[in-house]
Every structure is written in C-alpha cells, then in structure tokens.
Amino acid sequence: MKLVYKGKTKDVYLLEDGNYLLKFKDDVTGVDGKFDPGANSVGLTIEGVGKSGLKLTKMFFELLREKQIPTHYIDADIENATMTVKPATVFGNGLEVICRYRAVGSFYRRYGAYVKEGQPLDAFVEVTIKDDARQDPPISEDALVMLGILNREEYATLKDLTIKIAGIVKDVLAKKGIDLYDIKFEFGRIGEDKHIALIDEISGGNMRAYKDGVYIEPLELEKLLLQ
C-alpha cells in the first residue's frame, strides 16, 4: 500500500490491485475553529468525525448503487475508517460541484444584493475549481469548455448527476425532518469508457443541513441520519 496523497480530510493510498484506499481523518474544513464545508483549510479536529463521515458515505453510496448511479465506491471498513474505491481521473486539477437549495454561505455573500439569506433556490448547480490559493473560484460552463477542462456533453452529465444525487440526499434528510440547504460533490472519469461517476464522499462535512431552522453540526447530522 503506497501513500499517494495527503489531503485535508483524507489520505489516499494505492493498492496492489490498482484500486485506491481512502483513509478518513478526524479533521474538518473551517475558519477560526468553526466548521465550514466551503473552506479551503482544516479548521478543527473533531474526534470520531472520520468514522462517522464514512458511515454516512457508505450508506449513501450503497443507496446510489441500488439506484444504478455511477460512483467510485467498492466497499468500506468502518472500524479502520477506510473506503476502497475505483481509480478515477479528475477534471483538470479537480472540480467541486455544489447543489444549492437555499441562499447561504458563499452564494449569499456574493449575491446578497439580490436575495435574502436562506431564500429558497431551485436546485441551483454551481461549479468551482479546486484551487486553494485562489479560494476555489466559481467557473461557468463556457469557461470550462474553453479551457479544455471538459466538454459540453460532460457538463450536462455533471449537472444532471448533481441534481439527481442531491435530490436523493435531500429526500433521505427530509424523512428525518431535516432540510438540506446545500451539498458539495466531486466527480471523475472512471473505466475504459471514461464515464462520469461520483467520487470522494457524501457526509456531514459536505453539506449544510438545518432542523427547525437550526444548523446541524456534521457529527450530530450523522447521528440523526444513522439512528
């Protein structure tokens, strides 16, 4: 097993069979000691958050597998906080795709002159470039195509999968009386046909969720969903 990448919230190892092992950490992104799924640095360490995030990720990826939605997931070992995944090629240096149901976070900071905080949005899809030095700037479909990061057909697939997967997550949360405000995904190309599939994770660290108008921390969210 060879360490190939040390990430903010996960380390990535190459396995002998060509698949990869993701080791989940207890670090979460944030600013000034407060969790923020859109932050570009580790903000705090929360004991148990790695295993908790993996439990939720396993639940969602297995649900997506049942619904025949492509992902990189193979299996998960909760005790060791690891997940085995298929190799994937990212778009450019990596993209993050956000589906927004409410005007919060960076969306509200940018467009606050036109919306009220928390205002409903119609599954708005936004793509950002993974670039910590430039604060993960948003990028349009035209720019993605012009820069050769993806083509228009791939963008359409990316958007369609984002809305579909976010909708599945939203429905799961709604059954527990929880409102999904936004969620962040990553995608890659997988297999010989280079089909687009969901990669990374689906956990409390990827989303903003509220119950009765009160924000739910990642660990608490995972407890509510897994109980």
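**Exercise 1.** Find which side chain makes a polar contact with the side chain of lysine 10, and work out whether lysine 10 is buried or exposed.

*Solution.* Start with the partner: the lysine 10 side chain pairs with that of aspartate 200 at 2.9 Å. (A polar contact is a pair of N or O atoms within 3.5 Å; within protein, one must be able to donate a hydrogen and the other to accept it, and residues adjacent in sequence count only if both atoms are side-chain atoms.) Next, accessibility: lysine 10 has 8% relative accessibility, so it counts as buried (under 20% relative accessible area, 1.4 Å probe, protein chains only).

A word on the model: it is predicted, with local features needing pLDDT of at least 70 and side-chain atom pairs pLDDT 80 or more, while totals for chains, interfaces and linings use all residues. Numbering runs from 1 along each chain as its sequence is written, and side-chain values use heavy atoms, without hydrogens and water.

**Exercise 2.** Check the span of helix α4 (residues 152–174).

*Solution.* Helices here are DSSP runs (H or I, at least four residues), numbered from the N terminus. Take 1.5 Å times one less than the number of residues. With 23 residues, α4 should span 33 Å, and its end C-alpha atoms are 33 Å apart, so the two agree.

**Exercise 3.** Which element gives the largest share of the largest nonpolar core?

*Solution.* That core has 48 residues, and Ile165 and Ile202 are among those with the most contacts inside it. (A nonpolar core joins buried Ala, Val, Leu, Ile, Met, Phe, Trp, Tyr and Cys residues through side-chain atoms within 4.5 Å.) The largest share, 9 residues, comes from α4.

How values were computed:
Buried < 20%, exposed > 50% of the residue type's maximum accessible area, 1.4 Å probe, protein only. Helix = DSSP H or I, 4+ residues; strand = E, 2+ residues; numbered from the N terminus.
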